Amino acid sequence: MENVRVSVLAGVAIAAMASVLVVSAAVAAGAEPNISGIWWATAYTSKIQVLGGGDPPLTAAGQAQYQMNRAGLRDGSLVDKARKVCIPDGVPRVLETPYPFEIFQVPSGQITMIHELNHQLRVIPLNKPLGKYEDLASFENYNGYSVGHYEGDTLVIQSNGFNDETFLDSTGLPHSDEMVTTERVRKINNNQLEDVVTIHDPKIYTKDWQARFVYNQRNDIRIEDYSCNDATHRDISQVKGVNEARAARAQGRLFQ
């Protein structure tokens with residue numbers, strides 16, 4: 001009986017190892033990791049947080065534009081169109097929204113992201129070349145034009161062709177229409193998604209810099225209707241930082 005038990009346990013161990021090898025081989029062969037589902041931010045800040053700390057490395061021109069944006073948002077001479085008239089947020093601001101979004105890995109060869117905030121749609125074809133800036137200059141878009149590919153368990157998304165109508169965060173952080181973003185998206189801790197985005201924009205920043213966003217999987221909810229002039233949306237106060245951002249805005253501290 002003991003020999004039978006040992007044989008059964010050995011068989012289970014071999015099967016488990018074989019399963020691991022199959023998964024590893026699938027990843028190595030380029031199989032798509034499953035990142036589909038609904039995801040919701042674990043934290044929110046009005047000012048984008050630079051990975052590693054510090055402030056975004058603005059050029060002199062970028063600093064002047066940032067100061068002008070902040071002053072205009074403070075006195076009302078500049079409108080945050082993403083919140084007033086529901087234009088798309090653009091990347092990376094769309095990544096830091098405290099509202100959920102859903103990822104679809106269909107049809108084959110495409111990633112589609114639907115964001116509840118402003119009902120933004122990002123369609124990302126896979127294994128296609130990134131468009132050249134000069135070819136996209138006449139067709140600039142709020143969220144840019146994106147392509148993606150997999151590197152093991154990580155989805156790499158590159159985007160360019162942005163217009164200059166958006167900010168990088170709620171404080172008015174600027175970018176130019178030559179910005180290129182690179183996102184590295186992967187699952188962590190089984191039920192969380194990480195998106196590390198690199199900002200490349202020599203007109204506005206002295207060097208490339210990064211921000212990191214983490215989302216919880218929330219397939220217990222669904223994407224709901226949204227209108228930026230309607231105050232009856234879902235409760236987002238449970239997202240860390242939302243209440244603090246609301247208080248800062250109410251007290252006029254957001255642009256200080």
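Select Glu194 to begin: Glu194 is buried, with a relative accessible area of 9%. Here, buried means under 20% relative accessible area, exposed means over 50%, and partly exposed lies in between (1.4 Å probe, protein chains only). Glu194 forms a salt bridge with Arg186, with the closest N and O atoms 2.9 Å apart; a salt bridge is a side-chain nitrogen of Lys or Arg within 4 Å of a carboxyl oxygen of Asp or Glu. Arg186 is partly exposed, at a relative accessible area of 32%.

The structure on display is a predicted model, in which local features need pLDDT of at least 70 and side-chain atom pairs count only at pLDDT 80 or more, while totals for chains, interfaces and linings use all residues. Residues are numbered from 1 along each chain as its sequence is written, and side-chain values use heavy atoms, with hydrogens and water left out.

**The whole chain**

Helices (H or I, at least four residues) and strands (E, at least two) are DSSP runs, numbered from the N terminus. Along the sequence they follow the pattern α-β-α-α-β-β-β-α-β-β-β-β-β-α. Of the 256 residues, 44% count as buried.

**The sheet**

Next, colour the strands. Nine of them form an open sheet with antiparallel pairing, in the order β4-β3-β2-β1-β9-β8-β7-β6-β5; two strands pair if DSSP finds at least two bridges between them. The edges are held by β4 (120–125) and β5 (145–151), each with a single partner strand, so one side of each has no neighbour in the sheet. On average, neighbouring strands of this sheet are turned by 25° against each other, direction ignored. The axes used for this are lines fitted to C-alpha atoms, for helices over the stretch in contact, and angles run from 0 to 180 degrees between N-to-C directions.

Zoom in on β5, which pairs with strand β6 (residues 154–160) in the antiparallel sense over seven bridges. Glu151 stands opposite Thr154 in β6. Now show the side chain of Glu151, which meets that of Arg184 in a salt bridge (3.1 Å, N to O). Arg184 lies in strand β7 (residues 180–188) and Glu151 in strand β5, so the pair ties together parts that are 33 residues apart in sequence. Both residues are partly exposed: Glu151 has a relative accessible area of 38%, and Arg184 has one of 36%.

**Pro33**

Select Pro33, in the loop between α1 (2–28) and β1 (37–41). Which residues does Pro33 contact, leaving aside its neighbours within four places in sequence? They are Gln105, Tyr150, Gly152 and Asp153, where contact means heavy atoms within 4.5 Å. The C-alpha atoms of Pro33 and Asp153 are separated by 5.8 Å, although these residues lie 120 apart along the chain.

**Further salt bridges**

A search of the whole structure finds 13 salt bridges. Select Glu178 and Lys203, whose side chains meet in one of 3.2 Å (N to O). Glu178 lies in the loop between β6 and β7 and Lys203 in the loop between β8 (192–200) and β9 (209–217), so the pair ties together parts that are 25 residues apart in sequence. Finally, select Asp80, Arg83, Asp89 and Arg93, which are linked in a network of salt bridges.
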